[in-house]
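I am opening my notebook on this two-part entry. I want to log what I looked up, sheet by sheet and contact by contact.

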Amino acid sequence: MTTGPTPLQRPRRSGVGRATLLAALLVAPLSVHAQQTGIVVGTVTDAGSGQPLGNTAIGIVGTRMGANTDDRGHFILRGVRSGPATVRAQRLGFRPALAPVAVPAGDSVRVSLALQASAVTLSEIVTTGTGGAVSKRELGAPIGVVDASRISEVKPSTDLGSILEGQVSGMRSTTVGGGVGGAKDLRVRGTSSFTLNQRPVVYVDGVRVDTRATDWTASLGNQACCSFNGGTGEDRLSDLNPDDIDHIEVLKGAAAATLYGSEASNGVIQVFTKHGKQESAPQWTLTLGTGFDRQRPNYQTHLNSQFAGPDGTRALDMNQTLIKTGPFQSYNAEVQGGAGKATYFVSGGYSKEVGSIQPNDQSKGNVRLNLNWQASNKLTFDVRSAFTRDYINALQSGNNWASLTGNAQNGDPRQATKLRPYGEAWISVADIERITSTSDANRWTGGGTATFQPTAAFTNRFTVGADVVGEQKQRFFPQDGAYGSASVNNGEKTNAGRNYSVYTADYLGTLNFHLPLGIGSTFSFGGQGFYETEVLTAAIGKQFAGPGISTVTAASQTFGAERYTHAVQIGALAQNRFAFGDRLFSTVGVRIDGNSAFGSGFGYQRYPKLDVAYNLDGYGWLPSLVSSLKLRAAVGTAGKAPGPFDSFQTYQPVAVYANTPALIPQSPGNLKLGPEKSTEIDAGFDAGFFGDRLGVEASVYRTTVNNAIVPVTVPPSQGFLRTQAQNIGGLRNTGWDISLSLLTYERSSFSWRNEVRMDGLKNVVTSLGGNAGVVDAFGNPIRVGYPVGAVFAIAPKSYIAPTPSAPSGTWIGTDTAVYFGPSLPTFNLSYAPSIKWGPMTLYSLLTLERGAWFNNGDRPYRFRQHTGDEFLSLLGAGGADTFASDSAVNYWHTFNAIDQRDNVRLRTVSLGVDVPERFTSRTGLGRTVVTLSANNIMWWDHCHCNDPNSNWAGADSFGNGGAFLTDPSPRTFRMTLRTRF
Amino acid sequence: MHFLKSRAARWAGAAAVVVAMAGCRDILTVDNPQAFTNEAANSAVLLPAVAAGAEGDFQISLSNISVFNGMLSDEFWHTGTWSDWLDVSKGLIRANWPINNANSFMSAQNQLLRARGAASSASLRFENVLKDSAHTSPLFVTSQMARAWSDLYIALSICQAPVSSGGALVSDSVLFKQAADSFAALLPIIQNAHYAKASDRQDRLNQANAALARANLMVGDYAKALQYAQAVPQGFVYNAQFSSNSGFQNNLLAGQGNANYNRSFSIRGLWHAQIDTLNGFLRDASSGQDDPRMPLGHDNNNAKGYDRGSDGVTKFFSINKYTSLGSPVAITKTAEMNLIIAEVRWRQGNFPAAIAAMNVNRTAVGLPSFALPVTGDVSTQVRDLLLQERFVVLFGEGQRMQDLYRFKLVTERLGAGRATKLPLTRTEQLSNPNIGEGKETCPAIS
């Protein structure tokens, strides 16, 4: 029991008294200076190596005072109240350390702390979805933390998705093709919806940000050729500057993400950007990168050069002609520091990456300003502002008549001509290379957080912010190119704009108090909302009179298109965390949401949660090898709002009779449409063994969605074009994930760490509300008893021998489409060893995926188009068709290719070298590291494809889209110099 | 936090929550500015657009169904790489056809079914909104005509289909009869409708008469077919209108069959020997002259690859009857009426009259007249001439498969083991509570 006069126990005050208190609070900053204070200075080192530890958070226990160490491990804290105090040092990957000090009034005290490396993360403080900052040992729900600063050192990246690769068990982040700037598949714990997007919602410093994959094809009113550059499109996640990121918190599922309500069933990713260090002189960090991209030569045209076309043209092998070395350069400068009450972090960066298959490049510039002002001991302001310009010259790829490598691979080399040297059947490579397709995005993300702590027990945090994206896209087909297959004649120009904005407001109050029986209690309450709009516009010009002009207005036919979406959500939350001593913790909470996408007859939605954490470390009966152990269990519910206008019954305005206004039935609507609710039960443990040298985090979970939105097909004969969204489906995810972190060997000059992450997942559709024939947005069947995105196809059943009328024989398929397997891996493994030897750090990341199947659309196409190494190897002398080649064509005309995505991929190998201080000190530089890295170097598969992770539709549609005219993920080679001064 | 214990603070807090909730009620209301609600569509301003939608949707569905109908028949073959199109082209589709993907085989048939559904719902809307005046409204005529035309084309293309929106499964012959009855019922309605211009009324009457001629021909009521065909004036044509101005209005026959666009179907190979590749026409089978009604492009310059389809393999001749995404497709026309007259005369055994009716069309385009066969099986020879003329006159208009089917020529023209019509889609089967899995019993196989 607290015996002192805590604020809750103070006697009731009069109105005058309250006014006096308020006034006292307002002038608090002035009175603080009147107190007797001193200075704490110190050094933090790695207890194992003795090396100084930078970027370590230093605090005075019981206060909000804080600082960070510099590269030499130094820190300084001014204005510390004189008297006894406890200094706390904390850094990801190390056990926190405490040191008592006696702070002299008007003088300084020096303290040294040595942090012991730890493979256990229980001491980490997390804030996302927890109702305030809390140690992981008190949490019953699974939260992953990624130390982005550390990852950036061993694996220099230009986008967030690359940083997240293989870093959190149960989270999947992988490039799915489309060249430089292409989209990634990012998801947590599989699939939790039939139709809604699968991406976790992403916050940056408390502000919701844009991660949408834009459907440009429909947005262009189907008036312009296809999508801009195939289905993959640009990924707005890559706008963020990885060098700005400090760390990332990942809420893995509904049990952890309940407080995020109707947007969180896919999990939540919160990015925390860097901030300045208090009491430090300006510290500059300069990062210079160079290198190149060069694609792996595994395109199916190796045999092309053995053939010649009718005009004698020798066919080209695109592995020899189209794979080029694309240069890369990056520059990033940041400066941070702080005085007594304020800190700053300022950064600016620029990178340009040229793809290996060209034209394709990305130029990105970022600037960021993060300010912190501690107005008083009770009031703190954080202001963040970041601007990005991201320019992408996109590769023509992905289910696109103008796909560059698609045309080069799908041409019959026996039809090669001077103008079509790959035998291109649709559009010549030369003409595709003349297409320009660009995306130019300007983006501002910023916000502010005011934290008011009127008493030690009561904290108020108010965050407002916005993410505003303005994207201009252009595509130009020259007038004199032959683009008929893409329905473009005499040229075409498209200018399109996307204006997206989301505004976030978030209040969280946290009240600490004690209940009887010594039960600690933290009550959190608040509200959160966002206001999101997106407007897509397009101007399209078709048919130029001649070459040399390129504006929409200059075209003889001009068109326009516009698309608008708008979503608003508000919610309130309340939770209480109970501490039963120092071992047992439990949290109960609820979130209540309203969302504009809910049907007007639906109302508000409730999401409850409960979690328990029990720490067993220190019990005598535990084996000595167990150094820490937390058992945890959580159950929680989170939601996913339907599409913004899915509840509306609509009639679509169209033009008929050659441009007369008309209305046709569009969407049947559903006034009772609500969010999908995922309820997740998660149980597991976080444990440390051998003195926390081995850390294990393991979870098993079961997520059930009992009101999944089923796209119920309305009989076409009733006239409606779209399906009706109904909350009648069910699906279940059953899985496990485990992280192992082993400090295998730790000495001052040599250390070896191993990180292993694994997860397994089984997804199954449990109900479709009695509906048959349900399909996803790609037309793939959804069936009860099978996974969402299950791969079904007609399989060979029998073969009838050749007859004169069917000289290649006749294949008979199965009576119904049969099940091959799930579309997402059922088992993932990543292994990341890291060896530090003297000044050198060797890091690698190897991943394994098993269990996923896909429709390998490229493979049968190559046969149907009489090309590809598989087909060409069956030809006879002089390129003559043979029975074998004809039979193969016949077979692949009948069946789709269903292949496995199983693969092992060497994602990263890097070597970092700390430049010895004797060299850097001569030039006044601080810690300087040179890193050589190679990414996506090699993969092993048996998919008969370029890349088993290819997905023409990109982004979060990985489970649904197959491989078709896609390109492998970029293979990159980098050298990076990072220095501080 | 003692101040939360104060009554005033609690009241203030409660008031703030109430105000916030009241505000939230409004803030959660968003508008969709890109589509109309059901209620809005009832407004007088929008009713003409509803009628236009009913007819226009039907018209636009014609190019899609004509591609599939043509590929199943001896008009077209698939020259692209889509396996489901190839299955149609090979006549492999069957009842309850297993599918890899919901989009397989379905878009054309579903589009036609949706057009009928849109027309039916438009008619209901007019009756609900206009009440007693609905049946004298030209808008009602428009939607009812579209519904009946849709019935007629569903019957021409699909062997079994729901009798109405969400209705039970019936055969094509029931739908032909339903179309004939609907058009017959429309004649007095058209006469009584309040048209601003007499020519508008006459246009609708001509369309209805032409439709009745065709529907009765299919039903087998040849006397009525003759009667209605003769009621259609010379020079009449009722086109499905398309436009390049939006994807919705594009003519798929051009978009996938003309060399300016994609090259996924072309005239079937059995006609290739008859093509004048130099001048780009199909030669008239009787005279050997180029038939101006059958323009076919062929680019011998392989540089553009136009002599092969988008599969890069199959011989391709551009369907130049439809040169742009806005090219119209004839729904019906006087030339068809002449052939209906010819067919009725042939069925009556009046071969000279049949030949004469066909020659009206040939003379109009400058081709030599047919002479009446005088030796051998005259009836069969006249029938063959009739089918040849129907092929040319109605090429790419969605009627050929029905001709091969009703004259039992599928095996002769295309071989055995082929579907003789398109099946109903799986989408309709599975979503329509009055049909369901496994209920489809056609198409018949040649």
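Entry 1: I started with an open sheet of three strands, ordered E31(A)-E30(A)-E1(B), with antiparallel pairing. E31 (660–667) of chain A and E1 of chain B are the edge strands, each with a single partner, so one side of each has no neighbour in the sheet. I take strands (E, at least two residues) and helices (H or I, at least four) as DSSP runs numbered from the N terminus. Strands count as paired if DSSP finds at least two bridges between them. I then looked up the link between the chains: E30 (residues 650–656) of chain A pairs antiparallel with E1(B) over two bridges. A:Thr650 sits opposite B:Thr37 of E1(B).

**Entry 2: ground rules.** This is a predicted model, in which local features need pLDDT of at least 70 and side-chain atom pairs count only at pLDDT 80 or more, while totals for chains, interfaces and linings use all residues. Residues are numbered from 1 along each chain as its sequence is written, and chains are lettered from A and ligands numbered from 1 in the order in which they are written.

**Entry 3: confidence.** I noted an ipTM of 0.91 and a pTM of 0.88 from the predictor for the complex. Chain B has an average pLDDT of 91, and 91% of its residues score at least 70. pLDDT is the predictor's confidence in each residue, from 0 to 100. I flagged residues 301–305 of chain B, where the pLDDT is below 50. That stretch has nine contacts in the model beyond near neighbours in sequence. Contact here requires C-beta atoms, placed from the backbone, within 7 Å.

**Entry 4: the interface between chains.** How many residues of chain B are in contact with chain A? I found 79 residues of chain B touching 83 residues of chain A. Several elements of chain B give two or more residues to this side, among them H1 (7–27), H2 (47–72) and H4 (107–130). Strand E1 (36–37) is also one of them. By class, this side of chain B has 29 nonpolar, 40 polar and 10 charged residues. My classes: Ala, Val, Leu, Ile, Met, Phe, Trp, Tyr, Cys and Pro are nonpolar, Asp, Glu, Lys and Arg are charged, and the others, Gly among them, are polar.

**Entry 5: chain B overall.** I listed 15 helices and 11 strands in chain B. Its C-alpha atoms fill a box of roughly 115 × 55 × 40 Å along the principal axes. Of its 446 residues, 54% are buried. Buried means 20 or more other C-beta atoms within 10 Å of the residue's own; exposed means 12 or fewer, and partly exposed lies in between, with C-beta atoms placed from the backbone. Among contacts in chain B with a separation of 6 or more, 69% join residues 24 or more positions apart.

Entry 6: I checked H5 (residues 138–157) first. At 1.5 Å a residue its 20 residues should span 28 Å, and the end C-alpha atoms are 28 Å apart, which agrees. The expected span is 1.5 Å times one less than the number of residues. H5(B) is mostly covered, with 19 of its 20 residues buried. In H8 (residues 222–230) of chain B, the buried residues are B:Ala225, B:Leu226, B:Tyr228 and B:Ala229. Against which helices do the buried residues of H8(B) pack? I found H7 (198–219) and H10 (334–347) of chain B.

**Entry 7: a sheet within chain B.** Four strands of chain B form an open antiparallel sheet in the order E7-E8-E9-E10. E7 (275–276) and E10 (318–319) are its edge strands, pairing on one side only. E8 (residues 281–283) and E9 (residues 290–297) of chain B run antiparallel, joined by two bridges. B:Arg283 has B:Asp290 as its bridge partner in E9(B).

**Entry 8: strands of chain A.** E22 (residues 436–455) and E23 (residues 458–477) of chain A pair antiparallel over 18 bridges. They form a hairpin with two residues between them. A:Thr438 stands opposite A:Gln474 of E23(A). I followed E23(A) onward: it pairs antiparallel with E24 (residues 492–515) of chain A over 20 bridges. There A:Gly465 faces A:Thr504 of E24(A) as its opposite.

Conventions: Contact = placed C-beta atoms within 7 Å.
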